[in-house]
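Visitor: Could you show me how to read a protein model, feature by feature?
Guide: Gladly. Let us look at it together.

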Amino acid sequence: MVIENQIKASVTKAIKELYGADIAPESVQLQLTRKDMKGDYTIVVFPLMKVSKKNPVETGNELGQFLQSDCSDIAGFEVIKGFLNVQLSDAYWLGELNKESGNQAIGMIEAKSDSPLVMIEYSSPNTNKPLHLGHIRNNLLGYSLSRIVTANGNRVVKTNIVNDRGIHICKSMLAWKKWGEGQTPESTGKKGDHLVGDYYVKFDQEFKKEQAELMANGSTKEDAEANSALMKEAREMLLKWEAQDPEVYALWKQMNNWVYKGFDITYKTMGVDFDKIYYESDTYKVGRDMVIEGLNKEVFYRQEDNSVWADLQKDGLDEKLLLRSDGTSVYMTQDIGTAKLRYDDYDIDKMVYVVGNEQNYHFKVLAILLDRLGLNWGKDLVHFSYGMVELPEGKMKSREGTVVDADDLMQAMVDTARDMSKELGKLEGYSEEDAEKVYKTIALGALKYFILKVDPRKNMTFDPKESIDFNGNTGPFIQYTYARIQSIGRKANEKGFTSPDKVELSVELSAKEVQLQKMISNFSAVVKEAGNVYSPAVIANYVYDLAKEFNQFYHDSPIVVEEDTAKRDMRLLLCRNVAAVIKNGMWMLGIDVPERM
RNA sequence: GGUCCAGUAGCUCAGUUGGAUAGAGCAAUAGCCUUCUAAGCUAUGGGUCGUGGGUUCGAAUCCCGCCUGGAUCACCA
């Protein structure tokens, strides 16, 4: 904010004139005053005692007096212990209010054609089972990040790498072939991803059965695993797939398509999308070529058994396998290939991978390898590393059936939102269809906010009971605040009050009103911060605080019913700006706000 | 064992470029709807900020040791 620089400059000047010392304006410790104290900005006096050679209170008072006469926006000050609290004039805050008047894009910077291009990868599902709670966190974080990065004035490409090949999908295919009796999503009425997931589970069950039988007949665990006929069949299927055996390939395509159709529904419900989707079946060969190229350039080396490695010891890491001795590729190879394709497709300035923190090591290695292979953004790639989602009873385990399915969860949230809304008697006069849209907005708002408000780096506990709560620090609370403001706008219109563009600078402001305007003025700094540290949680917490603040203001300040025209205008404009900030903040979280709820 | 991350109220979480009396929500208790949406507002109780040292005018925040939990160090993805 401009005012901050002004105050810092003024403090610098004061130090020069009062104590004859030179200090750098940036060294002035300036912060927003604690909410429970009087004042707007606080200057920490302690560091200045060295040059003032006086005690903190004296220094503070002298400084305060100087500032008040030097800076016209400063209306008063107060020194408490070693802190100089400066109070800005109402006129200053009203000026700030007028400045953002009618700005729907408040807090957002528009990208230009030469703005940095940021590619964000998220979601990255396997095609052998439906999406679950862990994927939800990934998708919501990725999508929100894309919005935050956009709001910071960058061009953004959202991308998804689909892990569509490998032994896991062969397991589902094999199980379907053996026991599926030709079932399809159409014949069963099941979502394709769930149907395929069922066969993945089926494979595992049959495999376990087989293992138990082998061990009952005297095999050791190791032998049983080595002699598994099922596993052998799955591996053979993978080889056939790699050789593009027509039958296997056709089945693979068919089952993957079922899954994609299912995923599309889930993504749509979740409200996320992608600009460009990559498939591992297209990228793994490119990766192999890249590794061979690196081998020729002697960036990598080949061992006697024909496997290819990267030596990372001078980077403080180990050696890393890139191609198996049989020439097939590993995970790392595929990521190199995907990176190469993206590099060719887009003029990427920055690449962000939204992937769980269990892969920290992988991305550290990937960054080094891409750099060695000459991809300019490789070294600076961002691994947006987020923590796991745990349930109150511990980790999700598919074997124990404790995995929370994404579709089920979202459906349950919508049902709860509907019940709650009907019970509260809201949305009377809405058509069934419109009401249903609002239920969905609230349900998804609750889920998204619940997940995004937590610092992404941390593991989080997901308690279904809590997530479905719509009171307190929740998405619906914020949505409700927005709807409330919209309602005020409608009431004002009914009474014929046009929302003003400018308010008079002579209006007196209450502490709450100043506080609200202060928060609005701070919004763009919050957006910047969120962009710098890649954290939707920063936005989430800010928007919550703002909504909380607004509700307090709302509670004891008449708005539409205020008789004083100037005051009413000021409050109406304040409402409008708060609404715009809430809407934009929520947009950055990928959460919609309803006009009524 | 090496590396990385985390530990804050009964529960879920904020707060770390060092600043004032560590904040919210949930849960509990007590209030507020014949003026703008009560999915709201107000009040009360609840803390050795894992632990022991250190640096400093000042430490939840920085440094070192230790304890606890998690991740990772695969010719798995």
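Visitor: Which strands do the four bridges between residues 41-44 and residues 83-88 join?
Guide: They join β2 (residues 41-44) and β4 (residues 83-88), which run antiparallel. As a general idea, two strands pair if DSSP finds at least two bridges between them. Helices (H or I, at least four residues) and strands (E, at least two) are DSSP runs, numbered from the N terminus. Here, Thr42 stands opposite Asn85 in β4.

Visitor: Before we go on, what should I know about the model itself?
Guide: It is a predicted model, in which local features need pLDDT of at least 70 and side-chain atom pairs count only at pLDDT 80 or more, while totals for chains, interfaces and linings use all residues. Residues are numbered from 1 along each chain as its sequence is written, chains are lettered from A and ligands numbered from 1 in the order in which they are written, and side-chain values use heavy atoms, with hydrogens and water left out.

Visitor: In what order do the four strands of the open sheet lie?
Guide: The order is β1-β2-β4-β3, with antiparallel pairing. At the edges are β1 (30-32) and β3 (74-80), each pairing on one side only. From one strand to the next, the twist averages 25 degrees.

Visitor: Which strands does helix α1 touch as it packs on the sheet?
Guide: Contact means heavy atoms within 4.5 Å. Helix α1 (residues 2-19) touches β1, β2 and β4, and its direction makes about 35 degrees with that of β2. For such angles, axes are lines fitted to C-alpha atoms, for helices over the stretch in contact, and the angles run from 0 to 180 degrees between N-to-C directions. Helix α3 (residues 56-70) also packs on this sheet, touching β2, β3 and β4, and its direction makes about 180 degrees with that of β3.

Visitor: How do I describe two aromatic rings?
Guide: You give the distance of the centres and the angle of the planes. Rings of Phe, Tyr and Trp (its six-membered ring) pair if their centres lie within 6.5 Å; planes under 30 degrees apart count as stacked, over 60 as edge-to-face and the rest as tilted. This structure holds 18 aromatic pairs. Among them, Trp176 and Trp258 are edge-to-face, with 5.8 Å from centre to centre and 70 degrees between the planes. Trp176 belongs to helix α6 (residues 167-179) and Trp258 to helix α11 (residues 246-270), so the pair links distant parts of the chain, 82 residues apart.

Visitor: Why is the pair of Phe523 and Tyr542 stacked?
Guide: Because the planes of their rings are at 20 degrees, with the centres 5.3 Å apart. Phe523 lies in helix α19 (residues 511-533) and Tyr542 in helix α20 (residues 536-556), so this pair ties together parts 19 residues apart in sequence.

Visitor: Is Phe523 buried or exposed?
Guide: Buried means under 20% relative accessible area, exposed over 50%, and partly exposed in between (1.4 Å probe, protein chains only). Phe523 is buried because its relative accessible area is 0%, and Tyr542 is buried at 8%. Trp176 and Trp258 are buried as well.

Visitor: Which residues does Ser172 contact, leaving aside its neighbours within four places in sequence?
Guide: They are Asn128, Val196, Tyr199, Tyr200 and Met255. Ser172 lies in helix α6 and, at 0% relative accessibility, counts as buried.

Visitor: How many of the five residues of strand β5 are buried?
Guide: Five of the five, so β5 (residues 117-121) is largely enclosed by the rest of the structure. Leu117, Met119 and Glu121 cover one side, with Val118 and Ile120 on the other. Five bridges join β5 to β6 (residues 155-162) in parallel, and Ile120 stands opposite Lys158 in β6. On four bridges, β5 also pairs in the parallel sense with β11 (residues 350-356), where Val118 stands opposite Lys350.

Visitor: Where does a charged end sit over the ring of Trp179?
Guide: A charge sits over a ring if NZ of Lys or CZ of Arg is within 6 Å of the ring centre and within 35 degrees of the ring normal. The charged end of Lys202 sits 5.5 Å from the centre of the Trp179 ring. Likewise, the charged end of Lys276 sits over the ring of Tyr278, 5.3 Å from its centre.
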